[in-house]
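Here is a short briefing on one protein model. Look through the sequence and the 3D view, then work through the points below.

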Amino acid sequence: MTLPPPLCIIPPDIAGVRSVRQGGMTTTLARARPTKGQRRRRIREALEAYLFLSPATILLFVFGILPVGYAFYISLHRWRIQKGPFIGLENYFRLLGPPVNIAMVVGGIGLLIGAYYVWRGLFAQSGGWRLALRIALLGMLIIGGLTLVLGADGMLTYAAQERTVRQYLLSVLRTVFYSSGTVPFQLIFAFLLANLLFQQIRGRSFFRMLYFLTYITPTVATAAVWRATVFEPRQGLLNSLLSALGMAQENLPRWIMDPEGVVPFLAQWLHISLPDWVVRSPVLSGPSLAMVAVCIYNIWVFTGYNTVIYLAGLGAIPYELYEAAEIDGAGRWQLLRYVTLPLVSPTTYFLTLMGIIGTFKAVNHIYIMTQIVGLGGPQDTTTTAAIYIFKQFREGNRWGVASAAAFILLGIILLLTWIQNRVAEERVHYG
């Protein structure tokens with residue numbers, strides 16, 4: 001029996017004409033045009049869709065896009081309560097330093113990001129292209145690293161002479177201290193508590209509710225209680241505990257009222273002598289004891305919230321995976337490392353992302369805990385980037401500078417979010 005020649009359909013062209021080829025013959029078929037009723041129905045469906053979308057779109061524009069755009073407009077002016085003259089990017093230069101240094105830092109970061117994509121492109125190429133991409137990668141890494149270092153060095157040198165630049169850069173540094181001193185500990189404690197509460201124990205629901213109370217309790221109330229009871233220098237709970245553990249009375253920290261760095265404090269407690277340049281360095285001396293107190297409070301607040309989210313992530317893991325791993329001889333450590341941790345990685349990624357963004361925007365509890373010694377803490381050692389912006393608005397009435405600082409902070413958050421997304425591509429497992 002002779003089979004018919006294969007049927008070949010050619011994609012339609014711009015006019016919507018479709019060609020069908022069978023054997024050596026080609027037949028052209030015109031696509032049917034929609035009728036008048038079909039066109040009306042499509043228009044009606046599109047209008048209905050836009051009508052349903054319009055309430056959310058209007059709210060997003062009025063309360064989201066429009067305020068952000070107006071804030072950017074303010075940042076381009078010398079604005080103190082009333083609108084001043086247009087000054088362009090001068091407010092940004094007042095916070096970060098000369099334009100040359102800013103361009104070098106931004107260019108260095110851009111080259112390093114480009115090097116990342118070139119590095120990823122190496123795995124998709126073969127032959128002579130791999131050598132060319134390796135040379136490009138090496139050049140971008142060297143040039144980007146040098147440009148970034150030189151630009152940052154210029155900004156720091158300029159900050160030593162310009163008070164505004166120094167204050168803002170220090171606020172960003174304190175924000176980094178605050179974020180790195182809270183988010184990792186929140187995740188570790190929450191994961192451990194979630195694993196404990198996931199077991200078949202009595203009162204499991206009660207303990208879940210108890211740990212979540214720290215998150216839903218008003219921040220103003222809990223921050224005031226912690227300041228007055230836990231971190232009180234003379235009879236506070238924490239200092240009473242340190243005294244019971246054998247710390248001398250003269251070595252007890254003053255917590256919220258103490259601007260000393262945590263590294264010099266620990267060195268003094270352990271009778272270790274540090275060079276003066278380490279003690280004076282805002283980086284090497286570490287966060288102040290006031291900032292450590294704020295970090296401890298923040299860990300207490302958000303550990304319960306993270307615990308509840310981790311419990312939801314643990315509940316989504318199929319129990320059959322644990323049974324299969326146990327049949328293969330896996331112990332508890334192997335189950336934790338090769339089953340639990342990979343499958344809760346989406347939860348860890350979400351909590352890490354939201355935790356870092358939250359620490360960069362934190363204001364309420366820092367304001368309540370440090371107002372006893374002035375907003376920003378002793379010697380401004382708890383003035384994070386968000387607190388700096390708040391102080392520019394409230395105390396200095398420098399709305400243009402505050403808006404520019406807010407957009408710089410937005411850029412930093414976007415950069416950190418991009419880095420986290422790139423890191424999560426290979427480390428987050430969705431089932």
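α6 (183–197), α13 (319–327) and α14 (332–343) each supply at least two residues of the lining of the second largest pocket. Helices here are DSSP runs of H or I with at least four residues, strands are runs of E with at least two, and both are numbered from the N terminus. This is a predicted model: local features need pLDDT of at least 70, side-chain atom pairs count only at pLDDT 80 or more, and totals for chains, interfaces and linings use all residues. Residues are numbered from 1 along each chain as its sequence is written, and side-chain values use heavy atoms, with hydrogens and water left out.

**How pockets are found**

- Rolling a probe the size of a water molecule over the atoms shows where empty space is left.
- The search uses a 1 Å grid over the protein atoms alone; a pocket is an open set of points where a 1.4 Å probe fits, with protein on both sides within 12 Å along at least five of seven lines.
- Lining residues have an atom within 4 Å of a point.
- Grid points are joined across faces, edges and corners, and a volume is the space filled by probe spheres set on the points.

**The second largest pocket**

- The second largest pocket has a volume of about 600 Å³.
- Its lining has 16 residues, and those nearest the centre are Asn-195, Phe-198, Gln-199, Tyr-322 and Thr-340.
- This lining divides into ten nonpolar, four polar and two charged residues.
- Ala, Val, Leu, Ile, Met, Phe, Trp, Tyr, Cys and Pro count as nonpolar, Asp, Glu, Lys and Arg as charged, and the others, Gly among them, as polar.

**The largest pocket**

- The largest pocket has a volume of about 1300 Å³.
- It is lined by 36 residues, of which Val-105, Ile-109, Met-155, Leu-169 and Ile-412 are the closest to its centre.
- At least two lining residues come from each of α2 (90–96), α3 (99–122), α4 (128–159), α5 (163–180) and α18 (399–427).
- Which helix gives the most to this lining? It is α18, with eight residues.
- By type, the lining of the largest pocket holds 34 nonpolar residues, one polar and one charged.

**A nonpolar patch on the surface**

- Ile-58, Leu-59, Leu-60, Phe-61, Val-62, Phe-63, Ile-65 and Leu-66 form a nonpolar patch, with about 820 Å² of accessible area together.
- Patch residues have over 30% relative accessible area and no salt bridge; nonpolar side chains (Val, Leu, Ile, Met, Phe, Trp, Tyr) are joined within 5 Å, and like charges within 9 Å.
- Accessible areas come from the Shrake-Rupley method with a 1.4 Å probe, and for residues only the protein chains shown count as cover.
- Leu-60 sits in helix α1 (residues 36–75).
- Is Leu-60 buried or exposed? Leu-60 is exposed, at 52% relative accessible area.
- Buried means under 20% relative accessible area, exposed over 50%, and partly exposed in between (1.4 Å probe, protein chains only).

**Salt bridges**

- Side chains of opposite charge can pair when their charged atoms come close.
- The structure holds three salt bridges, each a side-chain nitrogen of Lys or Arg within 4 Å of a carboxyl oxygen of Asp or Glu.
- Arg-78 pairs with Glu-90, with the closest N and O atoms 3.2 Å apart. Arg-78 is in the loop between α1 and α2 and Glu-90 in helix α2, so this pair ties together parts twelve residues apart in sequence.
- Arg-78 is partly exposed at 39%, and Glu-90 is partly exposed at 33%.
- Arg-234 pairs with Glu-232, with the closest N and O atoms 3.3 Å apart. Arg-234 is exposed at 69%, whereas Glu-232 is buried at 17%.
- Lys-391 and Asp-380 meet through their side chains at 3.0 Å, N to O. Lys-391 lies in helix α17 (residues 385–394) and Asp-380 in the loop between α16 (364–370) and α17, so this pair ties together parts eleven residues apart in sequence.
- Lys-391 is buried at 14%, while Asp-380 is partly exposed at 29%.

**The loop between α16 and α17**

- Most residues other than glycine have a negative phi.
- Gln-379, in this loop, has a positive phi near 55°. Gln-379 is exposed at 67%.
- Asp-380 also has a positive phi, of about 60°, although it is not a glycine.
- Thr-381 is in this loop too, and Thr-381 is buried at 13%.
- The C-alpha atoms of Thr-381 and Glu-425 are separated by 36 Å, and the two residues are 44 residues apart along the chain.
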